[in-house]
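Hi,

Here is the model I said I'd pass on. Have a look, and my notes follow below.

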Amino acid sequence: MASTLSDSELVARCREGDQQAWADLVERFSRYVYAISVQAFRLSEADAEDVFQEVFARAYEHLDALRDDAAVRPWLAQLTRRLCIDRLRSAARERPTGEEQLDLAGSDETLTMLEEALTVHEALAESPEHCREILDRFFARDESYRTIGEALALPAGTIASRISRCLARLRELLEGRTETDPPSSSG
Amino acid sequence: MTGLDEERLARLISALPPAPEAWVLAAQELPQARAELDEIVARAEADAEFRSRLAADLEAALAADGHEPTPALVHLLRVRFKSK
């Protein structure tokens, strides 16, 4: 079960040495960090894995340096972007054709879209479990109706209508949010 | 958020697939790995034979020394040794 603590509460608990809070923080931001390296910077899986581990290792080491606990999300995003750029620069030095990749990498448009996607996932985490599960399986995990039906013990014929209802509900939830709403869990 | 249609919502959900489970687990194990790290590094600094075994095959040397070579521990050690 994903944590329902706000980002700042989660960071505060990590700082106190709460290992479960750390596991929840990793869970909350793992998709975002992964997507930045693979989608925005188009790193290979091997490079993306190194960046992923490095981001969380540095975050763990330097959590005390974070001035505003609520800013953990942009902090992690910036750290990920920086490490991706380092990785691409190092590849470009070894292999001159890497320059082209470096120019194209990390488009602002993709980064903005991923940030928006994280907000949607945060709202999804606040949705009722039956909606969260089905939307995540269908869209994010790319599972078929059949697989979802088997996993959730649902007749395949009801899945499309449930997805549609849950999307409508998620949309209402997001449209009802204000900028001041605290971020909640994702994962 | 405003101006969301359901097609866009669906695209945004799809944009964040799960990271590979092993990567997530390794990152979640960092606190435990961090505790072992200093002990191993101190021993490697004091013991040349242990240091050369680590350099030859990190995972095997850790296992032989009674440390579980978790992805987090192996990663942290590689980073630590690379920076030296």
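Starting with chain B: 29% of its 84 residues count as buried (20 or more other C-beta atoms, placed from the backbone, within 10 Å of a residue's own). Before going on, note that this is a predicted model, where local features need pLDDT of at least 70, side-chain atom pairs count only at pLDDT 80 or more, and totals for chains, interfaces and linings use all residues. Residues are numbered from 1 along each chain as its sequence is written, with chains lettered from A and ligands numbered from 1 in the order in which they are written.

Chain B has 6 helices and 0 strands (DSSP runs: H or I of at least four residues for helices, E of at least two for strands, numbered from the N terminus). Its radius of gyration, 20 Å, is well over the 12 Å that the globule rule gives for 84 residues, so chain B is more spread out than a compact globule (C-alpha atoms; the rule is 2.2 Å times the number of residues to the power 0.38). The C-alpha trace of chain B spans about 65 × 20 × 20 Å along its principal axes.

Over in chain A, the axes of helix 1 (residues 7–15) and helix 2 (residues 19–40) come within 7 Å and cross at roughly 135° (lines fitted to C-alpha atoms over the stretch in contact, angles running from 0 to 180 degrees between N-to-C directions). On the helix 1 side the contact is made by A:Leu10, A:Arg13 and A:Cys14, and on the helix 2 side by A:Ala21, A:Trp22, A:Asp24 and A:Leu25 (contact: C-beta atoms, placed from the backbone, within 7 Å).

Cheers

Terms used:
Two residues are in contact if their C-beta atoms, placed from the backbone, lie within 7 Å. A residue is buried if 20 or more other C-beta atoms lie within 10 Å of its own, exposed if 12 or fewer, and partly exposed in between; C-beta atoms are placed from the backbone.
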